[in-house]
Amino acid sequence: MTVKVTVTAIPDPWRLPFELAWEAFRAGSRPIGAVLVDADGRVVATGRNRSQESIAPAGQLVGTAIAHAEINALARLPIGRRHPGHRLYTTLEPCLLCSSALIHSHVPHVVYAAADAMWRGIEDVPGVGGTIAARWARREGPLDGPLGSLARFSELLMNLWGVLHNPEEVDEVAARAVRRCLAEADGLLDAPTAQTAYDLVRPYL
């Protein structure tokens, strides 16, 4: 079965984070992308997961379990400054490591597409008080309503990576959905862009 593709553009400001996530996927790393914008919505830094790679732009982590998308975006910020009004867009909910990096980077707001079940309860961390509570970035997500398909796209990408690289971390229901996409969405693994991949899997989201 070949699914008919209907082009539905990934809207800004999510286009670039998802293109970075797909770039990570094609490079063998976990498909997560992050983009930092200033108060006027201008992109000031980008990053993607590079945990399974050996080459990265200067100043970014590569080939390590902590080469996360958010870390690599925040690492581009100049040291010793605060960043009021800055907002980090990321395709997956920040983990504890990346949440701590937001604190140290003085970035006050993060928006994520999909929740990460591994970090359920992280919203309770500010309850410890002190500096953590005072500088904890406001979290907004997961996406729902008209943008809910982007949350499901992020989840599918993570499960697709898991099925291909780490099958034991994907539950059977999610694995079946991924296998169906691979069987029916012709050319998915060869899609050159996130937009192309999104169009191919849209009927399953």
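Guide: One term before we start. Helices here are DSSP runs of H or I with at least four residues, strands are runs of E with at least two, and both are numbered from the N terminus. Also, this is a predicted model.

Visitor: Fine. What follows α3?

Guide: His106 does. Its phi is positive, near 60 degrees.

Visitor: And which residues of helix α3 are buried?

Guide: The helix covers residues 96–105. Its buried residues are Cys98, Ser99, Ala101, Leu102, Ile103 and Ser105.

Visitor: Is Cys95 buried or exposed?

Guide: Buried, because its relative accessible area is 9% and the cut-off for buried is under 20%. Cys98 is buried as well, with a relative accessible area of 1%.

Visitor: Switching to the core. How many residues are in the largest nonpolar core?

Guide: It has 54. Those with the most contacts inside it are Ile10, Trp14, Phe18, Trp22, Phe153 and Leu188. The largest share of this core comes from α5, with nine residues. As a general point, nonpolar side chains in soluble globular proteins tend to be buried together.

Visitor: Take Trp22. What is it in contact with, leaving aside neighbours within four places in sequence?

Guide: Leu157 and Leu188 are among the partners. Trp22 also contacts Ala191, Pro192, Thr193, Ala194 and Ala197.

Visitor: Pockets now. What volume has the largest pocket?

Guide: About 680 Å³. It is lined by 26 residues. Arg30, Leu92, Asp116, Met118 and Met158 lie nearest its centre.

Visitor: How do the residues of that lining divide into nonpolar, polar and charged?

Guide: There are 14 nonpolar, five polar and seven charged residues in the lining of the largest pocket.

Visitor: Where does the largest share of the lining come from?

Guide: From α5, with four residues. α2 and α5 each supply at least two residues of this lining.

Visitor: What about the volume of the second largest pocket?

Guide: About 200 Å³. Its lining has 13 residues, and Leu74, Ala75, Leu77, His104 and Ser105 lie nearest the centre. Here the largest share comes from α3, with three residues. α2 and α3 each supply at least two.

Visitor: Last one. Where is Asp144 found?

Guide: In the loop between β5 and α5 (148–165).

Visitor: Buried or exposed, that Asp144?

Guide: Asp144 is exposed, because its relative accessible area is 59% and the cut-off for exposed is over 50%.

Visitor: How far apart are Asp144 and Ala114?

Guide: In sequence, 30 residues. In space, 9.2 Å from C-alpha to C-alpha.

Definitions and conventions. Residues numbered from 1 in each chain as written. Predicted model: local features only at pLDDT ≥ 70, side-chain atom pairs only at ≥ 80, totals over all residues. Heavy atoms only, no water. Buried < 20%, exposed > 50% of the residue type's maximum accessible area, 1.4 Å probe, protein only. Core = buried A, V, L, I, M, F, W, Y, C linked by side-chain atoms within 4.5 Å. Contact = heavy atoms within 4.5 Å. 1 Å grid on protein atoms, 1.4 Å probe; cavity = no way out; pocket = protein on both sides within 12 Å on 5 of 7 lines; lining within 4 Å. Points joined across faces, edges and corners; volume = space filled by probe spheres on them. Nonpolar A, V, L, I, M, F, W, Y, C, P; charged D, E, K, R; others polar.
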